[in-house]
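Please look over the sequence and the 3D structure before reading on. The report starts with the whole chain and then turns to single residues.

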Amino acid sequence: MSQQRSRTSNWDSPRWQGVTRNYDAADVERLRGTVRIEYSLARAGAEKFWRLLHSEQHIPALGALTGNQAVEMAQAGLKAIYLSGWQVAADANLGGQMYPDQSLYPANSVPSVVRAINNALMRADQIAHADGHDSIDWMLPIVADAEAGFGGTLNAFELMKSMIEAGAAAVHFEDQLSSAKKCGHMGGKVLVPTREAVQKLVAARLASDVLDVPTILIARTDANAAQLITSDCDPLDTPFLTGERTIEGFFTFSGGIDAAIARGLAYAPYADMLWCETSEPNIAEARKFATAIHEQFPGKLLAYNCSPSFHWKAKLSQAEISEFQQELAGMGYRFQFVTLAGFHALNLSTFELAHEYARTGMSAYSRLQQREFELAERYGYGAVKHQKFVGTGYFDDLANTIAGGKTSICALPGSTEEEQFDEAASVVEADSDCVIPVSGD
(Lines give C-alpha, C1' and ligand atoms only; values in the text may rest on other atoms or scores of the structure.)
Protein backbone atom coordinates (compact mmCIF):
# COMPACT_ATOMS: atom_id res chain seq x y z
CA MET A 1 0.00 0.00 0.00
CA SER A 2 2.84 2.40 0.78
CA GLN A 3 4.23 1.90 -2.73
CA GLN A 4 0.82 2.62 -4.25
CA ARG A 5 0.36 5.68 -2.06
CA SER A 6 3.74 7.06 -3.13
CA ARG A 7 2.69 6.93 -6.76
CA THR A 8 0.00 9.54 -6.15
CA SER A 9 1.90 11.62 -3.61
CA ASN A 10 3.32 13.88 -6.33
CA TRP A 11 -0.04 15.51 -7.04
CA ASP A 12 1.31 18.51 -5.15
CA SER A 13 4.25 18.86 -7.55
CA PRO A 14 4.50 21.73 -10.08
CA ARG A 15 3.44 19.31 -12.84
CA TRP A 16 -0.09 19.29 -11.47
CA GLN A 17 -0.39 22.95 -10.64
CA GLY A 18 -3.79 24.19 -11.77
CA VAL A 19 -5.17 20.67 -12.34
CA THR A 20 -8.37 19.71 -10.53
CA ARG A 21 -9.26 16.13 -9.62
CA ASN A 22 -12.66 15.35 -8.16
CA TYR A 23 -11.38 12.07 -6.77
CA ASP A 24 -8.59 11.29 -4.32
CA ALA A 25 -5.61 8.97 -4.07
CA ALA A 26 -7.66 6.29 -2.36
CA ASP A 27 -9.95 6.08 -5.38
CA VAL A 28 -6.96 5.63 -7.68
CA GLU A 29 -5.39 2.98 -5.44
CA ARG A 30 -8.64 1.04 -5.27
CA LEU A 31 -9.08 1.06 -9.06
CA ARG A 32 -5.47 0.18 -9.94
CA GLY A 33 -5.49 -3.40 -8.79
CA THR A 34 -2.35 -5.11 -7.55
CA VAL A 35 -0.47 -5.64 -10.84
CA ARG A 36 2.06 -2.94 -11.64
CA ILE A 37 2.79 -2.41 -15.36
CA GLU A 38 5.28 0.19 -16.52
CA TYR A 39 4.22 2.17 -19.61
CA SER A 40 7.69 3.39 -20.48
CA LEU A 41 6.99 4.91 -23.90
CA ALA A 42 3.95 6.84 -22.72
CA ARG A 43 5.73 8.10 -19.60
CA ALA A 44 8.91 9.12 -21.43
CA GLY A 45 6.89 10.81 -24.17
CA ALA A 46 4.67 12.68 -21.72
CA GLU A 47 7.61 13.90 -19.67
CA LYS A 48 9.51 14.95 -22.78
CA PHE A 49 6.49 16.77 -24.24
CA TRP A 50 5.89 18.57 -20.94
CA ARG A 51 9.51 19.75 -20.88
CA LEU A 52 9.26 20.98 -24.46
CA LEU A 53 6.04 22.85 -23.70
CA HIS A 54 7.88 24.75 -20.98
CA SER A 55 11.21 25.29 -22.76
CA GLU A 56 10.26 26.01 -26.39
CA GLN A 57 8.55 29.15 -27.60
CA HIS A 58 6.24 26.83 -29.46
CA ILE A 59 6.30 23.26 -30.77
CA PRO A 60 5.40 22.93 -34.46
CA ALA A 61 4.16 19.51 -35.57
CA LEU A 62 2.77 17.78 -38.64
CA GLY A 63 0.16 15.06 -38.77
CA ALA A 64 1.75 11.68 -39.56
CA LEU A 65 -0.19 8.98 -41.37
CA THR A 66 2.42 6.20 -41.16
CA GLY A 67 5.44 5.19 -39.14
CA ASN A 68 7.74 6.03 -42.04
CA GLN A 69 6.37 9.56 -42.18
CA ALA A 70 7.06 9.93 -38.46
CA VAL A 71 10.65 8.75 -38.98
CA GLU A 72 11.13 11.37 -41.71
CA MET A 73 9.71 14.06 -39.43
CA ALA A 74 12.15 13.10 -36.68
CA GLN A 75 15.13 13.14 -39.04
CA ALA A 76 14.00 16.47 -40.50
CA GLY A 77 14.14 18.08 -37.05
CA LEU A 78 10.58 18.19 -35.72
CA LYS A 79 10.13 17.59 -32.01
CA ALA A 80 6.64 16.11 -31.81
CA ILE A 81 4.19 14.09 -33.91
CA TYR A 82 0.49 14.78 -34.29
CA LEU A 83 -1.80 11.82 -34.99
CA SER A 84 -5.10 12.90 -36.49
CA GLY A 85 -8.27 10.85 -36.24
CA TRP A 86 -9.22 12.35 -39.60
CA GLN A 87 -6.18 10.76 -41.23
CA VAL A 88 -6.81 7.46 -39.48
CA ALA A 89 -10.41 7.53 -40.71
CA ALA A 90 -9.29 8.32 -44.25
CA ASP A 91 -6.60 5.71 -44.74
CA ALA A 92 -5.24 3.99 -41.63
CA ASN A 93 -8.10 2.46 -39.66
CA LEU A 94 -8.64 -1.12 -38.58
CA GLY A 95 -11.92 -1.30 -40.47
CA GLY A 96 -9.96 -1.30 -43.72
CA GLN A 97 -12.26 1.36 -45.15
CA MET A 98 -11.88 4.93 -46.39
CA TYR A 99 -14.09 7.04 -44.13
CA PRO A 100 -14.84 10.71 -43.54
CA ASP A 101 -14.05 12.10 -40.12
CA GLN A 102 -17.26 11.02 -38.41
CA SER A 103 -16.10 8.41 -35.87
CA LEU A 104 -17.06 5.60 -38.26
CA TYR A 105 -13.93 3.55 -37.72
CA PRO A 106 -13.18 1.07 -34.89
CA ALA A 107 -12.34 2.83 -31.64
CA ASN A 108 -8.99 1.04 -31.26
CA SER A 109 -7.71 2.32 -34.62
CA VAL A 110 -5.84 5.39 -33.33
CA PRO A 111 -4.09 3.44 -30.53
CA SER A 112 -3.06 0.93 -33.20
CA VAL A 113 -1.46 3.67 -35.30
CA VAL A 114 0.20 5.14 -32.19
CA ARG A 115 1.77 1.75 -31.61
CA ALA A 116 2.86 1.46 -35.27
CA ILE A 117 4.45 4.92 -35.22
CA ASN A 118 6.29 4.18 -31.98
CA ASN A 119 7.53 0.89 -33.44
CA ALA A 120 8.87 2.70 -36.51
CA LEU A 121 10.58 5.33 -34.38
CA MET A 122 12.12 2.63 -32.18
CA ARG A 123 13.40 0.80 -35.25
CA ALA A 124 14.99 4.02 -36.54
CA ASP A 125 16.59 4.50 -33.15
CA GLN A 126 17.92 0.92 -33.15
CA ILE A 127 19.35 1.27 -36.65
CA ALA A 128 21.06 4.57 -35.86
CA HIS A 129 22.41 3.39 -32.51
CA ALA A 130 23.80 0.18 -34.00
CA ASP A 131 25.59 2.36 -36.59
CA GLY A 132 27.02 4.57 -33.85
CA HIS A 133 24.90 7.58 -34.80
CA ASP A 134 23.03 8.95 -31.79
CA SER A 135 22.69 12.59 -32.76
CA ILE A 136 18.96 12.37 -33.56
CA ASP A 137 16.28 11.92 -30.92
CA TRP A 138 13.96 9.57 -32.80
CA MET A 139 11.40 9.06 -30.04
CA LEU A 140 9.20 12.06 -30.64
CA PRO A 141 6.17 12.50 -28.35
CA ILE A 142 2.91 11.56 -30.07
CA VAL A 143 -0.16 13.75 -29.56
CA ALA A 144 -3.15 11.53 -30.39
CA ASP A 145 -6.76 12.22 -31.28
CA ALA A 146 -9.40 10.56 -29.09
CA GLU A 147 -12.19 12.40 -30.93
CA ALA A 148 -15.31 12.59 -28.73
CA GLY A 149 -14.33 9.46 -26.83
CA PHE A 150 -16.36 7.03 -28.98
CA GLY A 151 -19.15 6.97 -26.42
CA GLY A 152 -19.71 8.03 -22.83
CA THR A 153 -17.39 8.51 -19.89
CA LEU A 154 -16.53 4.83 -19.57
CA ASN A 155 -15.60 4.72 -23.25
CA ALA A 156 -13.38 7.75 -22.72
CA PHE A 157 -11.70 6.02 -19.76
CA GLU A 158 -10.98 2.87 -21.78
CA LEU A 159 -9.80 4.78 -24.85
CA MET A 160 -7.38 6.83 -22.74
CA LYS A 161 -6.00 3.60 -21.30
CA SER A 162 -5.51 2.22 -24.82
CA MET A 163 -3.69 5.37 -25.91
CA ILE A 164 -1.30 5.11 -22.97
CA GLU A 165 -0.71 1.40 -23.51
CA ALA A 166 0.22 2.21 -27.14
CA GLY A 167 2.66 4.92 -25.99
CA ALA A 168 0.86 8.22 -26.62
CA ALA A 169 2.35 11.23 -24.82
CA ALA A 170 -0.72 13.47 -25.06
CA VAL A 171 -4.37 12.87 -25.94
CA HIS A 172 -7.15 15.28 -26.85
CA PHE A 173 -10.89 14.92 -26.36
CA GLU A 174 -13.52 17.16 -27.95
CA ASP A 175 -16.99 18.18 -26.78
CA GLN A 176 -19.09 16.86 -29.64
CA LEU A 177 -21.72 14.13 -29.42
CA SER A 178 -19.82 10.96 -30.26
CA SER A 179 -22.59 9.35 -32.32
CA ALA A 180 -22.90 12.47 -34.50
CA LYS A 181 -19.24 13.52 -34.46
CA LYS A 182 -17.98 15.59 -37.39
CA CYS A 183 -14.64 16.98 -38.48
CA GLY A 184 -14.12 20.39 -36.91
CA HIS A 185 -14.55 21.95 -40.34
CA MET A 186 -17.78 20.18 -41.31
CA GLY A 187 -21.31 21.33 -40.66
CA GLY A 188 -23.91 19.65 -38.49
CA LYS A 189 -21.83 19.47 -35.33
CA VAL A 190 -23.72 18.57 -32.15
CA LEU A 191 -22.26 19.47 -28.75
CA VAL A 192 -22.79 17.61 -25.52
CA PRO A 193 -23.57 19.66 -22.39
CA THR A 194 -20.54 21.25 -20.77
CA ARG A 195 -20.84 19.04 -17.69
CA GLU A 196 -20.72 15.89 -19.85
CA ALA A 197 -17.59 17.10 -21.61
CA VAL A 198 -16.01 17.81 -18.21
CA GLN A 199 -16.85 14.29 -17.05
CA LYS A 200 -15.04 12.83 -20.05
CA LEU A 201 -11.96 14.87 -19.14
CA VAL A 202 -12.21 13.56 -15.58
CA ALA A 203 -12.51 10.02 -16.94
CA ALA A 204 -9.43 10.48 -19.12
CA ARG A 205 -7.41 11.93 -16.23
CA LEU A 206 -8.49 9.09 -13.98
CA ALA A 207 -7.32 6.59 -16.59
CA SER A 208 -3.88 8.19 -16.73
CA ASP A 209 -3.69 8.21 -12.92
CA VAL A 210 -4.73 4.57 -12.68
CA LEU A 211 -1.99 3.68 -15.16
CA ASP A 212 0.40 6.05 -13.34
CA VAL A 213 1.43 8.04 -16.41
CA PRO A 214 1.47 11.88 -16.53
CA THR A 215 -0.23 12.02 -19.93
CA ILE A 216 -0.87 15.55 -21.20
CA LEU A 217 -4.65 15.93 -21.46
CA ILE A 218 -5.93 18.38 -24.08
CA ALA A 219 -9.51 19.64 -24.05
CA ARG A 220 -10.85 20.74 -27.42
CA THR A 221 -14.04 22.73 -27.89
CA ASP A 222 -16.00 22.86 -31.14
CA ALA A 223 -18.43 25.42 -29.75
CA ASN A 224 -17.20 28.21 -32.03
CA ALA A 225 -18.93 26.78 -35.11
CA ALA A 226 -21.47 24.40 -33.53
CA GLN A 227 -25.18 25.10 -33.94
CA LEU A 228 -26.71 22.17 -32.06
CA ILE A 229 -26.53 20.69 -28.56
CA THR A 230 -28.07 17.54 -27.12
CA SER A 231 -29.64 19.02 -23.99
CA ASP A 232 -30.50 22.21 -22.12
CA CYS A 233 -29.64 20.63 -18.75
CA ASP A 234 -26.50 22.67 -18.03
CA PRO A 235 -26.88 26.32 -16.90
CA LEU A 236 -23.46 27.09 -18.43
CA ASP A 237 -24.97 26.45 -21.85
CA THR A 238 -28.15 28.47 -21.31
CA PRO A 239 -26.84 31.81 -22.68
CA PHE A 240 -26.21 30.16 -26.05
CA LEU A 241 -29.51 28.32 -26.47
CA THR A 242 -31.93 29.81 -29.00
CA GLY A 243 -35.07 28.03 -27.78
CA GLU A 244 -35.68 25.94 -30.88
CA ARG A 245 -35.58 22.18 -31.39
CA THR A 246 -34.65 20.14 -34.44
CA ILE A 247 -36.41 17.13 -35.89
CA GLU A 248 -33.93 14.89 -34.04
CA GLY A 249 -34.73 16.62 -30.75
CA PHE A 250 -31.49 18.59 -30.51
CA PHE A 251 -31.51 22.14 -29.18
CA THR A 252 -30.26 24.90 -31.45
CA PHE A 253 -27.14 26.67 -30.24
CA SER A 254 -25.77 30.07 -31.22
CA GLY A 255 -22.10 29.11 -30.93
CA GLY A 256 -19.35 31.62 -31.65
CA ILE A 257 -16.13 32.56 -29.91
CA ASP A 258 -17.90 33.56 -26.67
CA ALA A 259 -19.40 30.08 -26.42
CA ALA A 260 -15.95 28.58 -27.03
CA ILE A 261 -14.47 30.80 -24.31
CA ALA A 262 -17.17 29.76 -21.83
CA ARG A 263 -16.38 26.13 -22.47
CA GLY A 264 -12.63 26.70 -22.37
CA LEU A 265 -12.99 28.27 -18.94
CA ALA A 266 -15.06 25.30 -17.76
CA TYR A 267 -12.54 22.77 -19.06
CA ALA A 268 -9.38 24.57 -17.92
CA PRO A 269 -9.24 23.11 -14.38
CA TYR A 270 -9.49 19.56 -15.73
CA ALA A 271 -7.10 19.77 -18.70
CA ASP A 272 -3.43 20.55 -19.18
CA MET A 273 -4.02 22.36 -22.45
CA LEU A 274 -6.97 23.94 -24.29
CA TRP A 275 -7.75 23.90 -28.01
CA CYS A 276 -10.42 26.07 -29.60
CA GLU A 277 -11.29 24.73 -33.05
CA THR A 278 -11.70 27.61 -35.51
CA SER A 279 -13.01 28.01 -39.05
CA GLU A 280 -10.22 30.27 -40.33
CA PRO A 281 -6.71 31.44 -39.37
CA ASN A 282 -7.84 34.49 -37.43
CA ILE A 283 -5.29 36.19 -35.16
CA ALA A 284 -7.86 38.49 -33.54
CA GLU A 285 -10.07 35.55 -32.65
CA ALA A 286 -7.11 33.57 -31.31
CA ARG A 287 -6.09 36.54 -29.17
CA LYS A 288 -9.61 36.96 -27.78
CA PHE A 289 -9.72 33.30 -26.72
CA ALA A 290 -6.22 33.35 -25.21
CA THR A 291 -6.82 36.61 -23.33
CA ALA A 292 -10.09 35.39 -21.82
CA ILE A 293 -8.57 32.10 -20.70
CA HIS A 294 -5.44 33.66 -19.25
CA GLU A 295 -7.38 36.28 -17.29
CA GLN A 296 -8.76 33.48 -15.13
CA PHE A 297 -6.07 30.82 -15.68
CA PRO A 298 -2.72 32.60 -16.15
CA GLY A 299 -0.22 30.57 -18.12
CA LYS A 300 -2.72 27.92 -19.22
CA LEU A 301 -1.22 26.05 -22.17
CA LEU A 302 -2.99 26.46 -25.50
CA ALA A 303 -2.97 24.49 -28.76
CA TYR A 304 -3.81 25.69 -32.28
CA ASN A 305 -4.82 23.73 -35.36
CA CYS A 306 -3.08 25.27 -38.39
CA SER A 307 -5.60 23.42 -40.49
CA PRO A 308 -5.26 22.43 -44.16
CA SER A 309 -9.00 23.09 -44.35
CA PHE A 310 -8.10 26.81 -44.33
CA HIS A 311 -7.28 28.43 -47.67
CA TRP A 312 -4.21 30.13 -46.27
CA LYS A 313 -3.33 32.31 -49.27
CA ALA A 314 -6.93 33.48 -49.60
CA LYS A 315 -7.12 34.44 -45.93
CA LEU A 316 -3.65 35.86 -45.24
CA SER A 317 -0.82 37.60 -47.06
CA GLN A 318 2.52 35.83 -47.41
CA ALA A 319 3.98 38.01 -44.68
CA GLU A 320 1.05 37.20 -42.38
CA ILE A 321 1.47 33.48 -43.05
CA SER A 322 5.18 33.71 -42.26
CA GLU A 323 4.54 35.49 -38.97
CA PHE A 324 1.40 33.59 -37.98
CA GLN A 325 2.94 30.96 -35.71
CA GLN A 326 5.21 33.41 -33.93
CA GLU A 327 2.22 35.62 -33.15
CA LEU A 328 0.30 32.63 -31.80
CA ALA A 329 3.30 31.63 -29.69
CA GLY A 330 3.32 35.07 -28.11
CA MET A 331 -0.27 34.47 -26.96
CA GLY A 332 0.57 31.16 -25.30
CA TYR A 333 -0.28 28.72 -28.10
CA ARG A 334 2.61 26.38 -27.36
CA PHE A 335 1.55 23.45 -29.55
CA GLN A 336 0.80 24.28 -33.19
CA PHE A 337 0.16 21.57 -35.75
CA VAL A 338 -0.98 20.86 -39.31
CA THR A 339 -3.44 18.04 -38.72
CA LEU A 340 -3.57 16.48 -42.20
CA ALA A 341 -0.05 17.17 -43.42
CA GLY A 342 0.71 13.48 -43.97
CA PHE A 343 -2.45 12.93 -46.01
CA HIS A 344 -1.82 15.90 -48.29
CA ALA A 345 1.91 15.30 -48.69
CA LEU A 346 1.38 11.64 -49.53
CA ASN A 347 -1.40 12.27 -52.02
CA LEU A 348 0.25 15.21 -53.75
CA SER A 349 3.64 13.53 -54.18
CA THR A 350 2.03 10.30 -55.40
CA PHE A 351 -0.21 12.10 -57.88
CA GLU A 352 2.68 14.14 -59.27
CA LEU A 353 4.79 11.02 -59.78
CA ALA A 354 1.92 9.02 -61.29
CA HIS A 355 0.92 11.86 -63.61
CA GLU A 356 4.44 12.24 -64.97
CA TYR A 357 5.11 8.50 -65.06
CA ALA A 358 1.97 7.96 -67.15
CA ARG A 359 3.38 10.38 -69.72
CA THR A 360 7.15 10.00 -69.61
CA GLY A 361 7.75 6.56 -68.09
CA MET A 362 10.98 5.93 -66.22
CA SER A 363 12.22 9.47 -66.81
CA ALA A 364 9.66 10.57 -64.21
CA TYR A 365 10.85 8.08 -61.63
CA SER A 366 14.49 8.83 -62.34
CA ARG A 367 13.85 12.51 -61.59
CA LEU A 368 12.31 11.55 -58.25
CA GLN A 369 15.31 9.36 -57.45
CA GLN A 370 17.76 12.12 -58.32
CA ARG A 371 15.89 14.42 -55.97
CA GLU A 372 16.30 11.79 -53.26
CA PHE A 373 20.05 11.63 -53.88
CA GLU A 374 20.25 15.42 -53.63
CA LEU A 375 18.43 15.46 -50.29
CA ALA A 376 20.54 12.55 -49.03
CA GLU A 377 23.71 14.47 -49.75
CA ARG A 378 22.44 17.79 -48.43
CA TYR A 379 20.38 16.77 -45.40
CA GLY A 380 21.05 13.08 -44.76
CA TYR A 381 17.70 11.93 -46.14
CA GLY A 382 17.74 8.17 -45.61
CA ALA A 383 14.83 6.60 -47.47
CA VAL A 384 16.66 6.68 -50.82
CA LYS A 385 18.49 3.62 -49.48
CA HIS A 386 15.27 1.84 -48.74
CA GLN A 387 16.80 -1.48 -47.63
CA LYS A 388 18.89 0.18 -44.94
CA PHE A 389 16.06 2.55 -44.01
CA VAL A 390 13.76 -0.27 -42.89
CA GLY A 391 16.48 -2.15 -41.02
CA THR A 392 18.15 -4.65 -43.34
CA GLY A 393 21.58 -3.74 -41.97
CA TYR A 394 20.30 -3.93 -38.40
CA PHE A 395 18.98 -7.46 -38.95
CA ASP A 396 22.22 -8.42 -40.70
CA ASP A 397 24.00 -7.28 -37.53
CA LEU A 398 21.54 -9.33 -35.48
CA ALA A 399 22.07 -12.44 -37.60
CA ASN A 400 25.81 -12.01 -37.45
CA THR A 401 25.75 -11.66 -33.67
CA ILE A 402 23.63 -14.80 -33.30
CA ALA A 403 26.03 -16.71 -35.58
CA GLY A 404 29.08 -15.60 -33.62
CA GLY A 405 30.41 -13.56 -36.54
CA LYS A 406 30.19 -16.40 -39.06
CA THR A 407 27.25 -16.17 -41.42
CA SER A 408 26.97 -16.19 -45.19
CA ILE A 409 23.38 -15.04 -45.56
CA CYS A 410 23.56 -11.34 -44.75
CA ALA A 411 21.26 -9.36 -47.01
CA LEU A 412 23.02 -6.06 -47.68
CA PRO A 413 26.41 -7.33 -48.93
CA GLY A 414 25.99 -8.12 -52.61
CA SER A 415 22.68 -6.27 -52.85
CA THR A 416 21.94 -3.87 -55.69
CA GLU A 417 21.60 -1.12 -53.09
CA GLU A 418 25.17 -1.67 -51.93
CA GLU A 419 26.47 -1.89 -55.48
CA GLN A 420 24.60 1.02 -57.07
CA PHE A 421 23.80 3.44 -54.24
CA ASP A 422 27.10 3.27 -52.44
CA GLU A 423 28.48 6.36 -54.14
CA ALA A 424 25.40 8.39 -53.19
CA ALA A 425 25.59 7.51 -49.50
CA SER A 426 27.54 4.90 -47.61
CA VAL A 427 27.04 4.06 -43.97
CA VAL A 428 26.29 0.48 -42.99
CA GLU A 429 27.86 -1.53 -45.78
CA ALA A 430 31.45 -0.42 -45.17
CA ASP A 431 31.21 -1.51 -41.55
CA SER A 432 29.52 -4.86 -42.15
CA ASP A 433 30.95 -7.80 -40.23
CA CYS A 434 29.13 -10.34 -42.35
CA VAL A 435 31.23 -13.07 -43.92
CA ILE A 436 31.04 -13.50 -47.69
CA PRO A 437 31.86 -17.17 -48.37
CA VAL A 438 34.63 -18.10 -50.80
CA SER A 439 35.56 -21.43 -52.30
CA GLY A 440 36.87 -23.80 -49.67
CA ASP A 441 35.07 -22.21 -46.66
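## Basis of the model

This is a predicted model, in which local features need pLDDT of at least 70, side-chain atom pairs count only at pLDDT 80 or more, and totals for chains, interfaces and linings use all residues. Residues are numbered from 1 along each chain as its sequence is written, and side-chain values use heavy atoms, with hydrogens and water left out.

## Overall form

The chain has 17 helices and 12 strands (DSSP runs numbered from the N terminus, with H or I of at least four residues for helices and E of at least two for strands). Its radius of gyration is 24 Å, close to the 22 Å of the globule rule for 441 residues, so the chain is as compact as a globular protein of that length. That radius is taken over C-alpha atoms, and the rule is 2.2 Å times the number of residues to the power 0.38. Along the principal axes, the C-alpha trace spans about 90 × 65 × 40 Å.

Of the 441 residues, 49% count as buried (under 20% relative accessible area, with exposed over 50% and partly exposed in between, for a 1.4 Å probe and protein chains only). Among contacts (heavy atoms within 4.5 Å) between residues at least 6 apart in sequence, 73% join residues at least 24 apart.

## Charges

The mean positions of the 36 positive and 54 negative charges are 6 Å apart. Lys and Arg count as positive and Asp and Glu as negative, while His and the chain ends are not counted; each charge is placed at NZ of Lys, CZ of Arg, CG of Asp or CD of Glu.

## Threonine 221 and the cysteines

Threonine 221 belongs to strand S6, residues 216–221, and is buried at 1% relative accessibility. Beyond four places in sequence, threonine 221 touches residues including Asp175, Arg263, Trp275 and Cys276. Glutamate 277 is 56 residues away along the chain from threonine 221, yet their C-alpha atoms are separated by 6.2 Å.

The whole structure holds 0 disulfides (pairs of cysteine sulfur atoms within 2.5 Å). For cysteine 276, the nearest cysteine sulfur is that of cysteine 306, 13 Å away. Cysteine 276 is buried at 5% relative accessible area, whereas cysteine 233 is partly exposed at 39%.

## Alanine 292

Alanine 292 lies in helix H10, residues 283–296, and is buried with a relative accessible area of 17%. Serine 279 is 13 residues from alanine 292 in sequence and 19 Å away in space, C-alpha to C-alpha.
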